[in-house]
Amino acid sequence: MNVRALIFDFRVYLQPQPVRMFLLGFSSGLPLLLILGTLSFWLREAGVDLKTIGFFSWIGLVYGFKWVWAPAVDRLRIPVLGRLLGRRRSWLLLSQTGVIAALAGMAVSDPLHHLQGIMVFALMCAFFSATQDIALDAYRIESADSNLQAVLAAMYQTGYRLAMIWAGAGTLALAAWSAGGETGYFPHAWEFAYLGMAASMCVGVLTVLFVKEPEAPVRPVEAVSRSWPERFAINVVAPFRDFFVRFGPSHKVRSAEAGNAFDSVSRALLTKRPASDFAGICGVEVKGASYEVENVMADGDATVVSVKRCKPWAS
């Protein structure tokens, strides 16, 4: 093996973009154990029963449902912070600030007296942590070309895993050090440990403040000038509607419907259905042949759907 070539290949990981992703990955991986494994150990030390500790594990389901608000994070701009930092950095900073506040709230809440408060702050931490993951995925994709995405993903995972070690073993070490090596339950030791974890999130905050905002994808002017309800419908509702229209039972439009006519020369379907019915529909079926939708145009009371021939739909 050529050692010099290996060292040269390794230099790609020391470029500014992978290093930034390593630091952001650290802030992304830090909260997970603090609301799951490490929190369970803390609750057990405080004498909380196992049934209640098991109930706390449901908090991890928040990460599984982040797709619900992911379209909003991806498309909407935070009013004030977005103008100062940009869309991606503003969401990252907001979510990281929320994680810090939630961890600080958990730190000052003793499970023996404020168990419900611990749960609320843990849910808050999970929500903002999942939001950070959404914004960070978008930032990673937009901040570099496709040939560098594998390197960024590797550095992100490295930072993420190291953060999980710090959130587990590091938290226990800080709590033991604060307790002075004595055995038993000491609330101030866990307070010190979780405040230390909240301070560790500053790694991501400082990174967000010093990195550049990636170039935003070009959007039509009319999409920017719409009102907030219209932008919400386009940015949040439309992605879900597009998914269910494409993969649900309504992804076919048959020419046999009443009022439909097909011109085989111009490859256009004339229908009485409104143009809004074709938003997100990817294909039409005409006499057993399938066509891909290219353009939809309203023509008075009718709608003209331009199509091109494609492979048959899967049954």
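The axis of a helix is a line fitted to its C-alpha atoms over the stretch in contact, and the angle between two such axes, taken between their N-to-C directions, runs from 0 to 180 degrees. In this predicted model, the axes of helix 2, which covers residues 16-34, and helix 12, which covers residues 202-210, come within 8 Å and cross at roughly 140 degrees. Angles over 145 degrees count as roughly antiparallel and those from 65 to 115 as roughly perpendicular, and helix 2 and helix 12 are therefore oblique to each other. The crossing in which helix 2 passes helix 12 is left-handed.

Where the two helices meet, helix 2 contributes Arg20, Leu23, Leu24, Phe26 and Ser27, while helix 12 contributes Val203, Gly204, Thr207 and Val208. Sorted by class, this contact of helix 2 with helix 12 has five nonpolar residues, three polar ones and one charged one.

Serine 200 belongs to helix 11, which spans residues 187-200. Buried means under 20% relative accessible area, and Serine 200, with a relative accessible area of 12%, is therefore buried. Leaving aside residues up to four places away in sequence, Serine 200 touches Phe26, Leu30 and Trp166.

Technical notes. Residues numbered from 1 in each chain as written. Predicted model: local features only at pLDDT ≥ 70, side-chain atom pairs only at ≥ 80, totals over all residues. Heavy atoms only, no water. Helix = DSSP H or I, 4+ residues; strand = E, 2+ residues; numbered from the N terminus. Parallel < 35°, antiparallel > 145°, perpendicular 65-115°, else oblique. Left-handed = near helix turned anticlockwise from the far one by under 90°. Contact = heavy atoms within 4.5 Å. Nonpolar A, V, L, I, M, F, W, Y, C, P; charged D, E, K, R; others polar. Buried < 20%, exposed > 50% of the residue type's maximum accessible area, 1.4 Å probe, protein only.
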